[in-house]
Amino acid sequence: MNNDNPLLLPGERIDDLQFKNLHIIQSPDAFRFSMDSVLLADFARVRNGARVCDLGTGTGILPLLLYGRAERVTCDAVEIQQDAAERAQRSMQLNGLENEITVHCQDLRNVRDFLPHGAYDLVICNPPYSEEKSSLPSPNPALRGARQEGLCTLQDIAAAAAWLLRSHARFSLMLPVARLTDAFEVLRQYRLEPKRLRLVHANEKRPARLALIEAMMDVHSGLIVEPPLLVKNMDGSDSDEVRRIYHME
């Protein structure tokens, strides 16, 4: 796609997602989506006609990928950082999806003020991975907000998801394995019961680095641990599953 598109600001570019003719606007000076978001979008179970909310949408990648996976999906995408929210909104315009995906430049901690209670079939979130005091902060404010908990915590995210979800609806998120026990504790505080877990490994010899989690609202306990997701084969090539997820076959 022509990067002279009038929707672009100086320094931005249009990336082809190579999926359902979808494209996304990104900036090299801001947080750009990574494989983590693609894996999370594949893990999340989205049905035809689903109403979805993405908490902390960033580039808007998760709503775009979920829209491509099912029919008649609508999504509210929440992003506190104004530049990122405006860029995500322009990506929706680029794809002609302004009516299906609405970007809200809002603080997810105030979700009760602008989104309805118990109205969503799926809430999804690829949250900041590091606790605010656990690592050195990035000097770039946009990257700092995307990678560290300065703008919200796991408790904030779980509380927002619990407000949004109808009974028995799903909440999908990705976190470092090191935060898994904290996540389960927090989720249960908000009546979100962990139901599916899948660990992500660089290859079969490396320990798991990330955890894909699905919780459900107001259901009984019972966790299913799915087979591990291996990103690479031992020879460094992409695994068959990553090739499937990226539609490389």
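## Exercises: rings, strands and a pocket

We're working with a predicted model, where local features need pLDDT of at least 70 and side-chain atom pairs count only at pLDDT 80 or more, while totals for chains, interfaces and linings use all residues. Residues are numbered from 1 along each chain as its sequence is written, and side-chain values use heavy atoms, with hydrogens and water left out.

**Exercise 1.** Find which ring faces have an Arg over them.

*Solution.* Apply the test: NZ of Lys or CZ of Arg within 6 Å of the ring centre and within 35 degrees of the ring normal. Arg51 sits over the face of Tyr120, at 4.7 Å from the ring centre. Then there's Arg196, over the face of Phe43 at 4.0 Å from the ring centre.

**Exercise 2.** Trace the strand pairings from E4 through to E7.

*Solution.* Strands are DSSP runs of E, at least two residues long, and helices are runs of H or I of at least four, both numbered from the N terminus. To pair, two strands need at least two DSSP bridges between them.

- Step one: E3 (residues 51-55) runs parallel to E4, joined by five bridges. Val52 stands opposite Cys75 in E4.
- Step two: E3 is also parallel to E6, with three bridges. Here Val52 has Leu122 as its bridge partner.
- Step three: E6 and E7 (residues 165-176) pair in the parallel sense over five bridges. Tyr120 is opposite Leu165 in E7.

**Exercise 3.** Work out how covered E4, E6 and H1 are.

*Solution.* Buried means under 20% relative accessible area, exposed over 50% and partly exposed in between (1.4 Å probe, protein chains only). Four of the five residues of E4 (residues 74-78) are buried, so this strand is largely enclosed by the rest of the structure. E6 (residues 120-125) is mostly covered, with five of its six residues buried. H1 is mostly covered too, with seven of its nine residues buried, among them Asp36 and Phe43.

**Exercise 4.** Describe the lining of the second largest pocket.

*Solution.* Of its 16 lining residues, the closest to the centre are Val38, Leu65, Ile245, Tyr246 and His247. Next, sort by element: H1 (35-43), H2 (61-69) and H7 (240-245) each supply at least two lining residues.

Terms used: 1 Å grid on protein atoms, 1.4 Å probe; cavity = no way out; pocket = protein on both sides within 12 Å on 5 of 7 lines; lining within 4 Å.
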